[in-house]
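Please read these notes with the model open beside you. They go region by region.

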Amino acid sequence: MTRMKRVLTCLMCVLLLVCETTALADDSYDLNKDGFSTSYTYGYDYWGDVQASPDAYRVSEVIDSVHLGLDLLDGKRMNKPQALFARGNDLYVCDTGNNRILQIRYEENGEYSLQRIIDKVNIGGELSDIKSPYDVYVDEQDNIYVADYGNFRVVKMDKDLNWILEFTKPSDATFDQNLDFLPKKIVIDNAGRLYALVQNVNKGLVKFEADGVFTGFIGANNVVVSTAEYIWKRYFQTQEQRSKSEAFVPTEYENICIDKDGFIYATNTVFSEYDLKWDNAKPVRRLNGVGTDILIKNDRYPPIGDLYWEEQTNNQVYGPSRFTDITVFDNDIYVLVDRIRGRIFGYDSQGIMLWAFGTKGNIDGAFNGAVSIEHMGYDLFVLDQLKGNITVFKPTEYGTKIYSAIETYLAGDYDSSATLWNEVMKLNANYPMAFRGIGRALLRQDKFKEAMDYFERAHDRDNYGRAFKLYRKEWVEKNVWWIVLILAVLLLIPVISGRINRMKWEVIMHEQSKVHKDGN
């Protein structure tokens, strides 16, 4: 009988597990029943543990050569494209292997169509070919700048492709005249100054004024050398060994981007993985006009992508995140693409991770060779050089609410911001950024005690300390008269007590002297 009970108990357990698995599968189906393919989205909690979250983005469509009609046009599919740039509703693609730039327009009907192919520049009636364009930039006047890598120049032309100006190798002594001028990435500031990331130049970004005059370098990477390396090379190697060993020189940047305020964001992929969490590697930087890194980092870890990885081996999916490109929204949220695992990371202006998603592979939303990222509004475009296509991501309800909450906070509407963060929490109850967002909104509303509660949930010590100081100041101001009264009482008690004790002593002494006198 006992044996039969055990068998029945086991059968019941199996049945319950099957039912639970079925229920979970049904729930999963319900979550994705809108017909969109989903990707694994995650973040990190205070302890650095991975936390799954709702999708912030989903694949909207994939733009490839067939979609654009390139097969029918000239039979040339995209070949090793290297960069994207968006201006208004136009998306420019550097189709580097085909020596051309594709101008794609987002139409009112929601479709993407090829507008024109830019492969020549008109110089006084003579057409000059563009060779191996590695980057493109379009300013607010619709002037087009092309990093014409194969022609050793950056060419500036108007919207009708007429030549305006060229930026070529500086004759200045500070530029190594033995090196070819090989521009790979370019940005233009509001004053028309050009900043170029030039191959084999490790002095920083090459800077030109709007008239094409070279004015130097900015933002050179710092050389990080361990004490052990320096001592070994300085004191224990011979001169011949030192000449053959690797020199301590700065590294080149990987990519650059400029925000609406003229600050340049730069990514760096050459660093020691052990320097990441100590913020010595600085894989992403925000450079001011003199090249100083002013990127804000108010999270427990700096913006480095994945917090955990297997050490670098021959397998390319190992090792830390390596950011191959960056794009910046108008509200200072920046998004990075990682070439190692094909992941996309979003950070707010304080350096706090908003979300991360993506993988490597051949399905939609996965990448084999992600090299560039751009945005239109909050839509993201990721260029895959190996697949020769562009994946378009659109924010979900969850992602849209996050952006709305941040924007309303920056606009000064703190009540609405707190309301939106509460809506985000309904979709993801374990989202630290929602706790921070509500806490910051409450802090702006002078609700310091309530703000402290939310900062505590987010494990945000800095903001908690700020809220506590303000709460303490407010409490002191409200209770100052009670505090003065209590202090006065505390000060008077010893005085009064001493006076009473003295009077008692005088009475006692008087009585004693009287008794002594009577006794005599």
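The points below cover strands, salt bridges, aromatic rings and one surface patch.

1. Ground rules. This is a predicted model, in which local features need pLDDT of at least 70, side-chain atom pairs count only at pLDDT 80 or more, and totals for chains, interfaces and linings use all residues. Residues are numbered from 1 along each chain as its sequence is written, and side-chain values use heavy atoms, with hydrogens and water left out.

2. Strand S28. Start with S28, residues 389-395. Strands here are DSSP runs of E with at least two residues, and helices are runs of H or I with at least four, both numbered from the N terminus. Five of the seven residues of S28 are buried, so the strand is largely enclosed by the rest of the structure. Buried means under 20% relative accessible area, exposed means over 50%, and partly exposed lies in between (1.4 Å probe, protein chains only).

3. Partners of S28. Two strands count as paired if DSSP finds at least two bridges between them. S28 pairs with strand S3 (residues 57-63) in the antiparallel sense, over six bridges. Here isoleucine 63 stands opposite isoleucine 390. S28 also pairs with strand S27 (residues 379-384), again antiparallel, over five bridges. In this pairing valine 382 has threonine 391 as its bridge partner. Four residues separate S27 and S28 in their hairpin, and glycine 388 takes a positive phi near 65 degrees.

4. The four-strand sheet. Look next at the open sheet with the order S4-S5-S6-S7 and antiparallel pairing. Its edge strands are S4 (83-87) and S7 (112-118), each pairing on one side only. Neighbouring strands of this sheet are turned by 25 degrees against each other on average, direction ignored. Such angles are taken between axes, which are lines fitted to C-alpha atoms (for helices, over the stretch in contact); angles run from 0 to 180 degrees between N-to-C directions. Within the sheet, S5 (residues 90-95) and S6 (residues 100-106) run antiparallel and are joined by six bridges. Leucine 91 stands opposite isoleucine 104 in S6.

5. Salt bridges. How many salt bridges does a search of the whole structure find? The count is 23. The criterion is a side-chain nitrogen of Lys or Arg within 4 Å of a carboxyl oxygen of Asp or Glu. Arginine 153 and glutamate 166 meet in one of them, at 2.7 Å from N to O. Arginine 153 lies in strand S12 (residues 153-157) and glutamate 166 in strand S13 (residues 163-167), so the pair ties together parts that are 13 residues apart in sequence. Arginine 153 is buried at 6% relative accessible area. Glutamate 166 is partly exposed at 26%.

6. Lysine 297 forms a salt bridge with aspartate 279, with the closest N and O atoms 3.0 Å apart. Lysine 297 sits in the loop between S20 (284-287) and S21 (323-328), and aspartate 279 in the loop between S19 (264-267) and S20, so this pair links parts 18 residues apart in sequence. Lysine 260 and aspartate 261 also meet in a salt bridge, at 3.4 Å from N to O. Asp74, Asp95 and Arg100 are linked in a network of salt bridges.

7. Aromatic rings. The whole-structure search gives 29 aromatic pairs. Rings of Phe, Tyr and Trp (its six-membered ring) pair if their centres lie within 6.5 Å; planes under 30 degrees apart count as stacked, over 60 as edge-to-face and the rest as tilted. Phenylalanine 214 and phenylalanine 217 have ring centres 5.4 Å apart and planes at 75 degrees, so the pair is edge-to-face. Phenylalanine 214 counts as buried at 14% relative accessibility, and phenylalanine 217 is partly exposed at 22%.

8. The aromatic cluster. Tyr57, Phe329, Trp355, Phe357, Phe367, Tyr378, Phe393 and Tyr403 form one aromatic cluster. Phenylalanine 329 is buried at 3% relative accessibility. Tyrosine 378 is partly exposed at 22%.

9. A nonpolar patch. Trp482, Leu485, Ile486, Leu487, Val489, Leu490 and Ile493 make a nonpolar surface patch of about 710 Å². Patch residues have over 30% relative accessible area and no salt bridge; like charges are joined within 9 Å, and nonpolar side chains (Val, Leu, Ile, Met, Phe, Trp, Tyr) within 5 Å. Areas come from the Shrake-Rupley method with a 1.4 Å probe, and for residues only the protein chains shown count as cover. Isoleucine 493 lies in helix H11 (residues 480-519) and is partly exposed at 48% relative accessible area.
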